[in-house]
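Here is a short report on a structure shown below. Look it over first, then read on.

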Amino acid sequence: MGLALGCPTHQVAEGTGASAPSSGPLVLAERTESFVLQFLTRKIPSVLFVLVVSSIVAFILPRLAPGDPAVVLAGPDPSPATVEAIRQQLGLNLPLWQQYLDWMGGLLKGDLGQSYVLHRPVGELIAGRLESTLELAALAALIMIAVGLGLGMLGGSPRSRWARSIIDVFNTTFLAVPPFLTGLLLILLLGIVIPLLPVSGEMGFFEDPGISIQFLILPATALALPQAAVVARLLQTSMLQIRSEDFVDLATAKGVSPFRITHKHVLRNSFGNAVVVIGLRIGELLAGAIVVESIFARNGLGSLAVSSVQSRDYLVIQVLIMSAVFIAVVIQLLSEIVLAALDPRIRLGA
Amino acid sequence: MAREPRRFNLTASRYLQAFRQPKGIFAATVIVVLTTAAFLAPAVFPGGYDQQGRDALLPMSPEHLFGTDELGRDILVRSLFGLRTDLTLVYIAAPITMAVGTLLGLIGFVSKTTGTLIQRILDVIVGFPGLVLGICVVLVLGTGFPALLISIVVIGLPTFGRLARAALLSQQQREYVTAARTLGISRSTIVVRHLLPNAVDAIIVQGAVFIVHAVFLEASLSIVGLGIQPPQPSLGALLNTGMRYITQSPTYILGPIIILLLLAFAFSLLTDALNETVNRK
């Protein structure tokens with residue numbers, strides 16, 4: 001997808017060469033704090049807008065679908081009176097806007113509603129699946145960040161042509177191959193041809209961390225590698241671009257060591273872009289979990305989403321859609337804050 | 001970026017230059033071969049994709065290149081029919097998405113309010129990760145071909161809308177646009193004659209990228225069981241069934257994977273070739 005990164009390139013920040021600004025971390029911390037407040041007050045209206053719109057979308061969509069949950073719930077051959085009673089009980093006879101407000105009110109109070117199909121509170125259903133998905137997403141995010149930043153830095157540093165072309169091959173491959181294909185290929189390679197790791201199922205981390213990790217490695221890797229390639233490619237491009245700036249030439253002319261140039265000047269100025277793209281990618285990572293969980297037969301939120309779409313379980317699916325958007329928005333906001341903390345021009349100019 | 005306004009050249013000969021370089025020739029060959037194979041499949045295999053054999057879950061062999069499935073059906077035949085479903089889907093969806101997306105992006109020149117409103121709507125769409133959006137569409141329309149078609153279009157719209165809008169924003173302040181306005185040329189004519197040509201390169205390149213995305217989207221949704229439903233074959237639906245037999249017959253999913261990879265590879269090469277052609281000055 002197109003990366004609409006509205007962030008400027010940061011050349012000026014470290015423009016003065018080797019004498020890195022060290023005017024005390026205290027000042028910086030204070031400024032950052034007040035900045036975060038300012039930043040939030042500026043950002044919150046648009047965040048709220050996206051959240052409200054997506055909550056309406058999440059609420060309306062299931063209701064546009066043909067079929068009446070009350071009829072489904074009433075079982076085979078229901079009398080109209082039973083259907084009406086169930087409708088009353090679920091509040092389905094109320095006007096849509098009132099149902100929406102009830103639902104939102106419940107959400108704010110922490111009551112996610114009751115699943116029509118499974119007759120259990122949605123909160124409970126989600127809590128039961130949360131651990132599996134959290135473990136998967138956390139490990140995948142770690143792998144994505146480590147591999148993405150690692151390869152990006154290698155690719156953006158002056159290296160042998162050999163190393164760079166290997167990184168290019170990795171990036172090009174995984175940019176083109178989505179998580180489900182990576183997953184299938186990993187299953188074939190490490191699960192079947194060389195049976196090293198289990199290909200399906202799971203185990204709670206707190207029951208047995210060792211076995212849990214074994215089950216996690218393949219799906220987390222499958223989920224992470226395509227996103228890592230995006231991060232690596234972006235960091236590499238941004239480092240190479242910054243390397244051609246004048247202040248790098250100045251630093252070289254002053255005799256700053258290549259290692260220090262890469263780390264203190266080039267890397268630091270490229271990091272902002274990497275942070276933003278990592279934030280954007282985490283949303284994709286969560287969406288990718290839907291497919292990866294299905295391939296690796298894990299019982300997480302992704303498989304809950306799929307089964308509740310199949311059984312038309314409105315309340316479950318609308319909460320899941322809502323939380324996916326919520327998490328994506330919050331992470332994006334966090335990454336913008338980190339970005340601003342890294343870049344004095346955004347922080348102070350704001 | 002600073003390109004002189006150019007007449008809208010619908011002969012497309014510019015883009016055909018992409019097929020003069022080795023990359024483009026190779027990509028075009030693979031795409032043409034796969035497309036022909038897919039759409040001729042019903043003629044070549046009159047038995048259709050449901051012809052059952054005696055031996056189930058055979059590995060790859062000269063007789064059955066991709067092996068056979070759980071009912072003894074040839075997986076190569078099923079993959080070709082599956083590819084036909086996928087290609088039908090993307091060859092319909094991609095042009096629609098490109099055209100509608102471009103229109104939505106350029107409409108801002110005719111009516112500023114509509115343009116801004118559309119951008120906000122596209123922003124909300126972007127807020128939903130691709131698959132979640134697909135699930136939303138399936139939720140309303142149920143599983144199957146139409147839902148997939150609409151998911152692909154909806155997911156693609158923001159990309160093309162933004163590309164077109166970027167071209168609009170970069171061009172609308174330029175002298176030639178002002179000059180055209182002063183001459184009394186209507187806004188919609190300016191959009192078609194001057195702004196569209198500036199957007200069309202990026203849109204065509206992105207179109208090749210998008211086709212791969214669309215095929216992968218079909219596969220993702222079908223693998224989890226929310227896309228094309230059996231017995232109709234699609235590459236994703238084949239992978240879905242194949243996953244159940246992964247331990248008995250690991251080569252089951254290999255065939256559809258090979259076809260998916262070939263398709264993705266060919267279209268990435270095509271993207272590269274188009275990109276180079278477009279940027280050649």
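## Salt bridges and the chain contact

Asp272(B) is partly exposed, with a relative accessible area of 37%. Here buried means under 20% relative accessible area, exposed over 50%, and partly exposed in between (1.4 Å probe, protein chains only). This is a predicted model: local features need pLDDT of at least 70, side-chain atom pairs count only at pLDDT 80 or more, and totals for chains, interfaces and linings use all residues. Residues are numbered from 1 along each chain as its sequence is written, chains are lettered from A and ligands numbered from 1 in the order in which they are written, and side-chain values use heavy atoms, with hydrogens and water left out.

Asp272(B) forms a salt bridge with Lys23(B). A salt bridge is a side-chain nitrogen of Lys or Arg within 4 Å of a carboxyl oxygen of Asp or Glu. This pair links distant parts of the chain, 249 residues apart: Lys23(B) sits in helix 2 (residues 22-44) of chain B and Asp272(B) in helix 10 of chain B. Helices are DSSP runs (H or I, at least four residues), numbered from the N terminus. Lys23(B) is partly exposed, at 29%.

The count over all chains is twelve salt bridges.

| Salt bridge | Closest N and O atoms |
|---|---|
| Lys23(B) with Asp272(B) | 3.9 Å |
| Asp69(B) with Arg73(B) | 2.8 Å |
| Asp123(B) with Arg120(B) | 3.2 Å |

Asp69(B) is buried, with a relative accessible area of 0%. Arg73(B) is buried too, at 7%. Asp123(B) and Arg120(B) both lie in helix 4 of chain B, three residues apart, about one turn of the helix. Asp123(B) is partly exposed at 29%, and Arg120(B) is partly exposed at 41%. Shared partners join Asp50(B), Asp69(B), Glu70(B), Arg73(B) and Arg78(B) into one network of salt bridges.

Now the two chains together. How many salt bridges are there between chain B and chain A? The count is zero. Contact (heavy atoms within 4.5 Å) takes 35 residues from chain B and 37 residues from chain A. The chains bury about 3200 Å² between them, 84% of it on carbon and sulfur atoms. Buried area is the accessible area (1.4 Å probe) that two parts lose on being put together, summed over both. In chain B, Leu139(B), Val140(B) and Val224(B) lose the most area to chain A, together 19% of what that side buries.

Definitions and conventions:
Helices (H or I, at least four residues) and strands (E, at least two) are DSSP runs, numbered from the N terminus.
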